[in-house]
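Here's a quick walk through a fold, meant to be read with the viewer open. Load the model, pick a colouring you like, and follow along.

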Amino acid sequence: MPSTAPLAGRTVTRVGYGAMQLERLRDDRSAAVALLRRALDLGVDHLDTADFYGHGFVNDVIREVAGDDVLVATKVGADPDPDGPVPLRLAQRPEQLRASVEANLRGLGTDRLDLVNLRRADRRPGVLAEGDQLVDVDDQLATLITLRDEGKIAAIGLSSVTLEMLRHALPAGIACVQNAYSLVSRDDEELLALCRAEGIAWVPYFPLGGAFPGLPKVTDEPAVRAAAAALDVTPEQVGLAWLLHHAPNVHLIPGTASAAHLKANLAAGELVLDAETLAALNAVPSRSMAAALG
């Protein structure tokens, strides 16, 4: 199992760091800086962020710590809304996408973003678009392509998309897909196969399931717990390792505000699952996320 793989024109370690959890340390900036530095010291060279994480706090920490040797992926499609019922609002219109790119450029202190993922809002999980936020993907891609031509972004990714939408978007040059996916929710197996065939990185979010009420958790599965006991590791590590074994284009971005959990997540990238263990894990039934969310 290779420890590195291509992503957005670079070769990076397959276990990166999802920086959203740094927001939990916003009252202790020095702790957030120390945690991110620890991640880089442990070999992380792929960070996943967004301007709306902590209303800019997370990007500001990354700006202080990360150098040019670190691939920083960000996302657009939502903006900070600290006074709203939830701390973000959809921002799907082309002019909003451009404004979000500009905000990320400022927050990260760079002239070009390594990778920008367009977070669509027409499938669950997450808030669904309505009204003026129902935007055709072609209009969105046109904006991102223009920004790429202007040199403000290097690569385009998609998030929360269907198989049909990815097929439609392929001519735009898609570097990455981020969809909800785990051992217990493998709705997008065909989409993953297309990504592998097209050389597109697959970066699953909710890699351990259970992010919303009603969704199954990888760590509750008897086969996962049995494998963890046999290997003397945690069920979380088994769930992450399965993803890396499942397809060579998988990259992980587990997030945490704990140095101990950070080290454990990265150690999952070195965990070897033998054929018997993989067969037992592959036999775990997949439950439709759409059906679970209703």
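## The main sheet

Keep in mind that this is a predicted model. Seven strands make up an open sheet, and reading across it you get β3-β4-β5-β8-β9-β10-β11, with parallel pairing. β3 (17–18) and β11 (201–202) sit at the edges with a single partner strand each, so one side of each has no neighbour in the sheet.

Two of the pairings are worth a zoom. Strand β4 (residues 46–48) and strand β5 (residues 71–76) run parallel and are joined by three bridges, with Leu47 standing opposite Val72 in β5. Further along the sheet, four bridges link strand β9 (residues 156–159) to β10, again running parallel, and here Ser159 faces Gln178 in β10. How much of strand β10 (residues 174–178) is buried? Five of its five residues are.

β1 pairs with strand β2 (residues 10–13) through four bridges, and the two run antiparallel. Ala5 stands opposite Val12 in β2. Two residues lie between the strands of this hairpin, and Ala8 takes a positive phi near 55 degrees.

In a regular strand, side chains alternate between the two faces of the sheet.

Leaving out residues up to four places away in sequence, Ile62 touches Ala19, Leu36, Leu47, Thr49, Val72 and Leu108. Its helix, α2 (residues 57–65), has Phe57, Val58, Asn59, Val61, Ile62 and Val65 buried. Those buried residues pack against α1 (29–41), β4, β5 and α3 (94–108).

Now jump to Ala257, in the loop between α8 and α9 (259–267). Ala257 and Leu22 are 235 residues apart along the chain, but their C-alpha atoms are separated by 5.8 Å. As for what Ala257 touches, not counting residues up to four places away in sequence, the list is Gln21, Arg24, Leu25 and Leu35.

## The second largest pocket

Rolling a probe the size of a water molecule over the atoms shows where empty space is left. The second largest pocket holds about 360 Å³ of space. Its lining has 17 residues, and the ones nearest the centre are Asp68, Val70, Thr110, Arg112 and Asp114.

Which classes of residue make up that lining? Nine are nonpolar, three polar and five charged. Both α2 and β5 contribute here, with at least two lining residues each.

Terms used
Residues numbered from 1 in each chain as written. Predicted model: local features only at pLDDT ≥ 70, side-chain atom pairs only at ≥ 80, totals over all residues. Heavy atoms only, no water. Contact = heavy atoms within 4.5 Å. Pairing = 2+ DSSP bridges. Buried < 20%, exposed > 50% of the residue type's maximum accessible area, 1.4 Å probe, protein only. 1 Å grid on protein atoms, 1.4 Å probe; cavity = no way out; pocket = protein on both sides within 12 Å on 5 of 7 lines; lining within 4 Å. Points joined across faces, edges and corners; volume = space filled by probe spheres on them. Nonpolar A, V, L, I, M, F, W, Y, C, P; charged D, E, K, R; others polar.
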